[in-house]
Each structure stands twice: as structure tokens, then as C-alpha cells.
Amino acid sequence: KLASSGAGLSGSSIMMMHKFLAWAECSARLEATVSRIRRVRRGASSMLSKIPGIRCLPSSGGFHLAVELTEFELSPAEVAEVLREEAGVCAVAMAPDRRRCILRFSLTEDEQLLAHAFRAIAVSLRSLARDVKATG
């Protein structure tokens, strides 16, 4: 319609419109992904924070969840090893000493995968909390 009205569009204008529309579509997909990740992080935080000795740390962004387990009186590497062996998940130790045990879990868009992983993490951490309490 613009071409028939005499307004005409140059090739570079059409290209810029195409780029803008592509950017807007990518931006909407990214926003939807971020929204899903935040929803999953809130659910995982809610589930894990019910376990005695666990505190989920606030996160201002990123696709991860940080969890403090200092009350377990184990090093981050020891807790990460238990989770690897018992829950089949990888946790990154964020604090290298025993004064503060913080682990980071990376998140994904796959909500079913994350739900399964965080159920396994919760079971392992509840068991570990009972063991620590029994020996302490």
C-alpha cells in the first residue's frame, strides 16, 4: 500500500523494519524464557526452604539458584558430592571454606526436568539434614 501511495520505501528502510520485527520477536521469546525461569526458581526456593538448615539466597538475575547450607557443618564440596551421588545433580560450590556453605544450581527452561531434579535434591538434603542432626 505504501508503494502505491507514492510514499515508497527504500531497501534499507525495509531491512530496518525487518530487523526491528525480528528483534521484537526475539525479545518476546527471551522475556517468556526469563519469566519461566523465575517461576521455576520461586518454586524450587519454596520447596528447598522448607528443609531445616537450608536458606535460599535472593537472586537479582541469572539462570541459577544459590542455596546456603552452613548449618549442615559440611564443606560445600562435601554437600555437592552427596548431591552428585544421591540426587544425580551437579551443584557448584560457591564458598571454598567451612565458614559458609553455599551451592549454586543452574536452571534450565525445561520445567519437568527441573521439577524432577529439585525433588531429588530435596530428598537428598532432607536425608543429609537428618544425618547431621543425628550426629550433632
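S2 and strand S4 (residues 102–106) pair in the antiparallel sense, with five bridges between them. The model described here is predicted.

**Sheet**

The pairing of S2 with S4 belongs to an open sheet of four strands, in the order S1-S2-S4-S3, with antiparallel pairing. Strand S1 (55–56) and strand S3 (92–93) are the edge strands, and each of them pairs on one side only. In general, strands of a sheet pair through backbone hydrogen bonds, in either the parallel or the antiparallel sense. S3 runs antiparallel to S4 and is joined to S4 by two bridges.

Helix H2 (residues 76–86) lies across S3 and S4, and runs at about 40 degrees to S4.

**Chain as a whole**

The secondary structure comes to three helices and four strands. Along the sequence these elements follow the pattern α-β-β-α-β-β-α. The chain has 136 residues, of which 32% count as buried. Among contacts in the chain with a separation of 6 or more, 57% are between residues 24 or more positions apart.

**Nonpolar core and aromatic pair**

The largest nonpolar core has 31 residues; Leu-48, Leu-69, Val-79, Leu-83, Phe-118 and Leu-125 are the ones that touch the most other members. At least two residues of this core come from each of helix H1 (11–49), S2, H2, S4 and H3. The most is given by H3, with nine residues. Leu-125 is in contact with Leu-48, Ile-51, Ile-54, Leu-69, Phe-72, Val-79 and Leu-83, if neighbours within four places in sequence are left aside.

The structure holds one aromatic pair. It is formed by Phe-105 and Phe-118, whose ring centres are 5.8 Å apart and whose planes stand at 70 degrees, so the pair is edge-to-face. Phe-105 lies in strand S4 and Phe-118 in helix H3 (residues 111–135), so the pair ties together parts that are 13 residues apart in sequence. Phe-105 and Phe-118 are both buried.

**Single residues**

Glu-68 is placed in strand S2 (residues 64–68). With a relative accessible area of 11%, Glu-68 is buried, because buried means under 20%. The side chain of Glu-68 has a polar contact of 2.6 Å with the side chain of Arg-55, and another of 2.7 Å with the side chain of Thr-70. Apart from neighbours within four places in sequence, Glu-68 is in contact with Gly-53, Ile-54, Arg-55, Leu-57, Arg-100, Cys-101 and Ile-102.

Ser-124 lies in helix H3. At a relative accessible area of 4%, Ser-124 is buried. Leaving aside neighbours within four places in sequence, Ser-124 is in contact with Leu-83, Glu-86 and Ala-87. Leu-83 is also on the contact list of Leu-125.

Glu-73 is found in the loop between S2 and H2. Its phi is positive, at about 60 degrees, although Glu-73 is not a glycine. Most residues other than glycine have a negative phi. Glu-73 counts as exposed, with 64% relative accessibility, because exposed means over 50%.

The accessibility values for these residues are set out below.

| Residue | Relative accessible area | Class |
|---|---|---|
| Glu-68 | 11% | buried |
| Ser-124 | 4% | buried |
| Glu-73 | 64% | exposed |

Methods
Residues numbered from 1 in each chain as written. Predicted model: local features only at pLDDT ≥ 70, side-chain atom pairs only at ≥ 80, totals over all residues. Heavy atoms only, no water. Buried < 20%, exposed > 50% of the residue type's maximum accessible area, 1.4 Å probe, protein only. Polar contact = N/O pair within 3.5 Å; in protein donor to acceptor, adjacent residues only side chain to side chain. Contact = heavy atoms within 4.5 Å. Pairing = 2+ DSSP bridges. Axes fitted to C-alpha atoms, helices over the stretch in contact; angles between N-to-C directions. Phe/Tyr/Trp six-rings, centres within 6.5 Å; stacked < 30°, edge-to-face > 60°. Core = buried A, V, L, I, M, F, W, Y, C linked by side-chain atoms within 4.5 Å.
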